Amino acid sequence: MYTIKVNFEEKDHESKEIQVEEGLSILEGLILNKIDLNHNCGAVCACTTCHIYVENGNDHIEEMSDKEEDYVDRAANPRLESRLACQCFLDKGKGTIEITIPDQSDIIGHEH
Ligand code: FES
């Protein structure tokens, strides 16, 4: 089981801590904990709307594939810590991960 600290770039969102089981993706963990993150392609690594920054704990997450790298480069404001949450599968084990969800208000189809 992992503890994920979730920060938000959007100022009116408070940071949260959630528990997510190994083997799930960070996107799945967020959805199960009722935290909104866009996933317009249906979590098949074919868009950039699930873009997050992994601030700490990247070593607990499956490595980035070439396909993810290709898409993450097209996200708004990519950084070294950028990942696509639907591709961030948690390794076997436990630990703590900290992520930041970028401002999603400019994403087409964003309803929140
Ligand atoms: S939901 Fe489209 S790449 Fe993750």
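How accessible is Arg-79, and does that make Arg-79 buried, partly exposed or exposed? At 37% relative accessibility, Arg-79 counts as partly exposed, where buried means under 20% relative accessible area, exposed means over 50%, and partly exposed is what lies in between, computed with a 1.4 Å probe and with protein chains only.

Before I go on, please keep in mind that this is a predicted model, in which local features need pLDDT of at least 70 and side-chain atom pairs count only at pLDDT 80 or more, while totals for chains, interfaces and linings use all residues. Residues are numbered from 1 along each chain as its sequence is written, and side-chain values use heavy atoms, with hydrogens and water left out.

Let me turn to the charged pairs. Side chains of opposite charge can pair when their charged atoms come close. The structure holds five salt bridges, a salt bridge being a side-chain nitrogen of Lys or Arg within 4 Å of a carboxyl oxygen of Asp or Glu. In one of them, the side chains of Glu-55 and Arg-79 meet at 3.3 Å, N to O. Because Glu-55 lies in strand S3 and Arg-79 in the loop between H2 and strand S4 (82-84), this pair ties together parts that are 24 residues apart in sequence; helices (H or I, at least four residues) and strands (E, at least two) are DSSP runs, numbered from the N terminus. Glu-55 is partly exposed, at 30% relative accessibility.

Arg-79 also meets Glu-81 in a salt bridge, at 2.9 Å from N to O. Through shared partners, then, Glu-55, Arg-79 and Glu-81 are joined into one network. Glu-81, at 29% relative accessibility, counts as partly exposed.

Glu-68 and Arg-83 are both buried.

Finally, a word about the cysteines. The structure holds zero disulfides, a disulfide being a pair of cysteine sulfur atoms within 2.5 Å. For Cys-88, the nearest cysteine sulfur is that of Cys-50, which is 7.7 Å away. Cys-88 is buried, at 0% relative accessibility, whereas Cys-41 is partly exposed, with a relative accessible area of 23%.
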